[in-house]
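Trainee: Before I look closely at any one part, could you take me through how a model like this is read, feature by feature?

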Amino acid sequence: MGLIEQGLLIILLPLAGFFLVGLFGRKLPRQGDWLATGLVGASLALAVKTFVQVTLQHDPFAGARTSGPWLRFAPAEALSIGIMVDNLTASMLVVVGVVSFLVHLYSMGYMHGDPKYVRFYTVLQLFTASMFGLVLSDNLLTLYVSWELMGLSSYLLIGHYFEKPSAAWACLKAFMTTRVGDVLMFVGILILFLHVGSLRFADIFAAVADGRLAGSAQMWAGLLLFGGAMGKSAQFPLHIWLPDAMEGPTPVSALIHAATMVAAGVYLMARTYLLLSAETFLVVAYVGGFTAIFAASIGLVMDDIKKVLAYSTVSQLGYMMLGLGVGGFVVTGYTAGVYHLTTHAFFKAGLFLGAGSIIHAVHTQSLAQMGGLRRKMPVTFITFLIATLALTGLWPLSGFYSKDAIIASAIEFALRHPEHLALPIFAVLAAAMTAFYMFRLVFLAFFGDPRDAHAHSHAHESPLVMTFPLLVLAALSLPPVGGGHGNWFWIGNPVPLRGEVAQRYGVATAEQGQAKVSTEHGQPVLTTEGGVAHGEHPAADDPARRAHTMAIGASVTVLLIGFVLAWLIYIRRVVDPRALACRFAPIHRLLVNKYYIDEIVQAGVIRPVMALCRLVARADLWIVDGLVNLTALVTRAIAWVTGRADSHVVDGVVNGVADSAMTAGKALGRLQTGQVGTYLTGGVVGVVMLAGFVFWVLAR
Amino acid sequence: MVVPHILSWIVFAPLIGLAVMSVIPGAAGARAIKWVSLLTTLVVLALSSVLVAEYYGLAPEFRRAFIGLKQSSFPEGSASLFEERIPWIREYNIYYHVGADGLSVILVFLTALLSFLAVFSAWNIEKGVKGFHMLYMLLITGMMGVFVALDLFLFYVFWEVMLLPMYFLIGIWGGPRREYAAIKFFLYTLAGSVLMLIAILVIYMECRTFSIPELVANPPFADRPSVANWLWAGFFIAFAIKIPMFPFHTWLPDAHVEAPTAISVILAGVLLKMGGYGILRVNFPVFPAATHYFIGLVALFGVINIIYGALCAMAQTDFKKLVAYSSVSHMGYVLLGMASLTDAGMNGAVFQMFNHGTSSAMMFMIVGVIYDRAHHRDLSRFGGLGLQMPRYLTIAIIGFFASLGLPGLSSFISEVMVFLGAFKSQSTLGAPQAFGVVYSMQVLTILGTLGVVLGAGYLLYTMQRVYLGKPRDEYANFPDLRPVEYAALVPLAVISVVLGILPNLALNVFNGSMHSLLTLWPPAAAAGFAGL
């Protein structure tokens, strides 16, 4: 079986599951959950096989792609549909497969007894198939199709408990917010189609390389695609839907709203890297960096355990974008961003599933009612702790490497271009906040005395079907699998990822003087013209090396600061958090209310739009339709007058207009030769009237 | 299977059904009449499916033909486009002339499909069953006739034949304001048809023919552009009323809201398409130069339709009125697509007509389901139905998402094609420039994409108000979908999914014809025009 057939099968297995479980789930034993889980398991196996086959070649161009016509809008012209497998796809397949499979398994326990069990698994299958479809697409059109189908799955799953008004609103909000991004992305696709004439990535990159796509078209295409990524990956200011999306069942939050779907925007940027222009890279970097610190600051004060994790996700997605953005200027950024996507997927899914395990046990999401759970739920505690340490970036867990790579890239960029000093500052401050809010969460949930004795007394460790996924995900954050230079992603060797990008990008933009290619150990390397090439200056003052040292120093320092602060406040109780909140009341209020972004959107966008809608509808009724009714009235008046004058009985508008038709016909007939017009009009209208009368009688 | 005179059979088979019904006693035979109606429409659907199959079996040069624009290899007088031509009124050169290229075939099939499914929606109508179904048969004949007539006089007759039964179907079986709605619909359309009639007669006076193919082959008034422009406008307004194009759309919310479900399905699904069809069958090929002159305005009004319809829909509190305004918005895509004068846009427009036929039919049926149970359509009084009627929710999700153009469902394909085509187009010069207004097709298209956001907005907001949220006690005993409701809804859902995945099944029917139509505006000429 070739890579292509394998890729196709990876999509088709869960897609078949979607139809099978959806149509026959109720009749199957255990409502078909085993079928869904098994199919995703099979896809996972194929995904791992693909990963091994592709990435272990250590070849930037390893993989396969094929496409054929799909949308035939002219006999000889069609938009194509196709599948591609390369290093990036292979890595993503593993991430999606692993998390989706574990979430399917976990849900057997978590969703047990839910009245909408079948619906849950059906949509989960659709989501998995769409996400596989997204990463296997060789063109923007099918990528967009998958993208929107993921949006649908997300909508349906956020609204799983749709009888709860808050869930009903949350799914609406999620779909609409991402839809705004999607439309921007769609306009970007239109621009690409206009200038390239094809939506296949290969054709688009070729167009960049030979200069057909350049200048403002290239910039706008990149920026608009990033607009889509901002919606999906919850970048400021389109992040507002993600915290509300926590209304969905927790396994869904883990799979869709932490590990995979929200990373699709990051994937999109990585996939279309070669068409992004320098301006786009800067925008990506700044939006990402700002989102990282902005969301982290809100996470500091949230009480709902899932909301803390949700803002953490927004923040970490910002990190990934920051990495990709600076990657346009420094060589390590691209790999760092994608690498962080993969490590984050595992530990954040672990955190959400762990939170689910807690919620399952204590039936509350409020941190204020937890506490002291570490003895009651040892497995959940240990795995949660490992995932937390990975997220906060403790050596040698996976998050240390990926986050450090992003911070190092940002510092290196700032060293080369001091005017962009804000970026590393964002990254480092966000890291400090991350450490604080995560340890705060761990301390509040697992340490101290139980604050709700009732909930605590009923708490118990979750069943194996739920704890097994936690253990696997924790293991994937630990060395040698998940951390260090022996981890799976690194074994797969990110250099090929980078290599293809660098080589293509270098070729593409060398003429524009933005970037050039040099070589390092035989691998092509990208660098900016103004900067210092990586391979040329191996000295100690090499910005890359200095940046790396500084990044490690900074991240270790801020991790310690965050940990110690959280420990002092929530374990040692040196300061009462409530007193602290009073002391800094304005700031605290600002954070608790999430900077009032929801209120601003409500007042600045939704209300004006709704007011406009009502205004237009009223104008439609009174002005546009009013004119129509006025015309009818006038016609009737004239008909009445002429009727009187002709001693004719004209009793309605029907005849009135029929008369005017006759008049028009007559007038025309006189203008032209003969009376044909009158004949025709009279004949047709007469026949029609007669037929109508007959039917009127019949119908009575 | 080759059926001789297949188009005539399709057009007149309903009249046979009508004749059969007329001998069944109305009071006692209500059930029998319904079955005759169902059977007749099934036969029409079968014949139309045969037509599609036969069309697929035609040689490529026939499948690339647009009526009147025959390829050189196209034998003169050939019956291969299912043509039938017999003299009707010799003195005036009037023929019974029918024929079908890809554009006609797809719309004939849509008409047959919706006519059949709408019978299920009409199953629970108990008032005047005989009259209802007899008028319904006549309506089908009228609609089918419009889509296959190749003689302008015949076209006009069918256009009027369709109008009359519709008037009575709304006026007798409609809701509380049925008489107002019926007469408004009737007069509005009639006002348009008068303009069309005048234009037809002027053409006849000049060319002494009513034959569409002849007029396409030898465009009238090619040397007098101002006359051609006036005639173009006459036809266009008649068709624009049907589409309906802003500002001629206000008959539509009234007619849709008052009409019984089955008739709303036909109104939205088929009648609106007659407008789009007329523009593509008469305006575009008979007056290519005038089309080029006005095309920028068509695009502009298309975008106005998209946004204006969506804004109006958002503000509605009546479920059915909301769906009606969504039709205004969705038909805007048709105008925008055809105005692009590109392959992608034109085919997108035709495909959008088909998809709007299926999706709006679904939406009206979905409204009908709940109206039959709750006897009101006030969105503010619904809520939580999803929990009480889960199967209804599933179907509604497909219907709503088909309507908002979700990928994987067919309307997505047509919307994408419309936008791709429009964005590439250079259609905005000509009349707008003559009036001193300059705008770019790209900007218009981008504005049009706003409709995608607004569409998602009003549809999901409706979904939320009707199906989600806390269940209400007053709806607790509502039965879930009945078999007859399934029978009407499931085929449409399946078609929507299948054509969303395999769009070529439909596109291959008409993309050849539309491509031929486009040869009237060769890219070189378009470029030259753009340079004016």
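This is a predicted model: local features need pLDDT of at least 70, side-chain atom pairs count only at pLDDT 80 or more; totals for chains, interfaces and linings use all residues.

Trainee: Which other residue pair of chain A is joined by a cis peptide bond?

Mentor: A cis bond also joins A:Phe236 and A:Pro237, again with omega at about 0 degrees, and A:Pro237 belongs to the loop between α8 (215–232) and α9 (241–244) of chain A.

Trainee: Is A:Arg573 buried or exposed, and is B:Leu341 buried or exposed?

Mentor: Burial is judged by counting neighbours, with 20 or more other C-beta atoms within 10 Å needed for a buried residue and 12 or fewer for an exposed one. A:Arg573 has 10 such atoms within 10 Å and is therefore exposed, whereas B:Leu341 has 28 and is therefore buried. Across chain A, buried residues make up 56% of the 700 residues.

Trainee: How do I read burial along a helix, for instance α1(A), and what do its buried residues pack against?

Mentor: The general idea is that an α-helix has 3.6 residues a turn, so residues three or four places apart point the same way. In α1(A), the buried residues include A:Leu3, A:Gln6, A:Gly7, A:Ile10, A:Pro14, A:Gly17, A:Phe18 and A:Val21. The buried residues of α1(A) pack against α2 (33–55), β1, β2 (77–85), α3 (87–110) and α4 (117–136) of chain A. As a check on the helix, the 22 residues of α1(A) (residues 3–24) should span 32 Å at 1.5 Å a residue, and the end C-alpha atoms are 31 Å apart, which agrees.

Trainee: At what angle do α15(A) and α17(A) pack?

Mentor: Read the angle together with the distance between the axes: helix α15 (residues 378–392) and helix α17 (residues 422–446) of chain A pack at about 170 degrees, with their axes 9 Å apart. Because an angle over 145 degrees counts as roughly antiparallel, α15(A) is roughly antiparallel to α17(A). Among the residues that make this contact are A:Phe381 and A:Phe384 of α15(A) and A:Met438 and A:Val442 of α17(A), and the contact residues divide into 8 nonpolar, 3 polar and no charged.

Helix α12 (residues 278–299) of chain A packs with α17(A) at about 25 degrees, the axes being 8 Å apart, which makes the two helices roughly parallel. Their crossing is left-handed.

Trainee: How many residues does each chain give to the contact between chain A and chain B?

Mentor: Chain A gives 56 residues and chain B gives 68. On the side of chain A that touches chain B, α6(A) gives the most, with 13 residues, and by class that side has 43 nonpolar, 5 polar and 8 charged residues.

Notes: Residues are numbered from 1 along each chain as its sequence is written. Chains are lettered from A and ligands numbered from 1 in the order in which they are written. Axes are lines fitted to C-alpha atoms, for helices over the stretch in contact, and angles run from 0 to 180 degrees between N-to-C directions. Helices (H or I, at least four residues) and strands (E, at least two) are DSSP runs, numbered from the N terminus. Angles under 35 degrees count as roughly parallel, over 145 as roughly antiparallel, 65 to 115 as roughly perpendicular and the rest as oblique. Two residues are in contact if their C-beta atoms, placed from the backbone, lie within 7 Å. Ala, Val, Leu, Ile, Met, Phe, Trp, Tyr, Cys and Pro count as nonpolar, Asp, Glu, Lys and Arg as charged, and the others, Gly among them, as polar. The expected span of a helix is 1.5 Å times one less than its number of residues. A crossing is left-handed if the near helix is turned anticlockwise from the far one by less than a right angle, and right-handed if clockwise.
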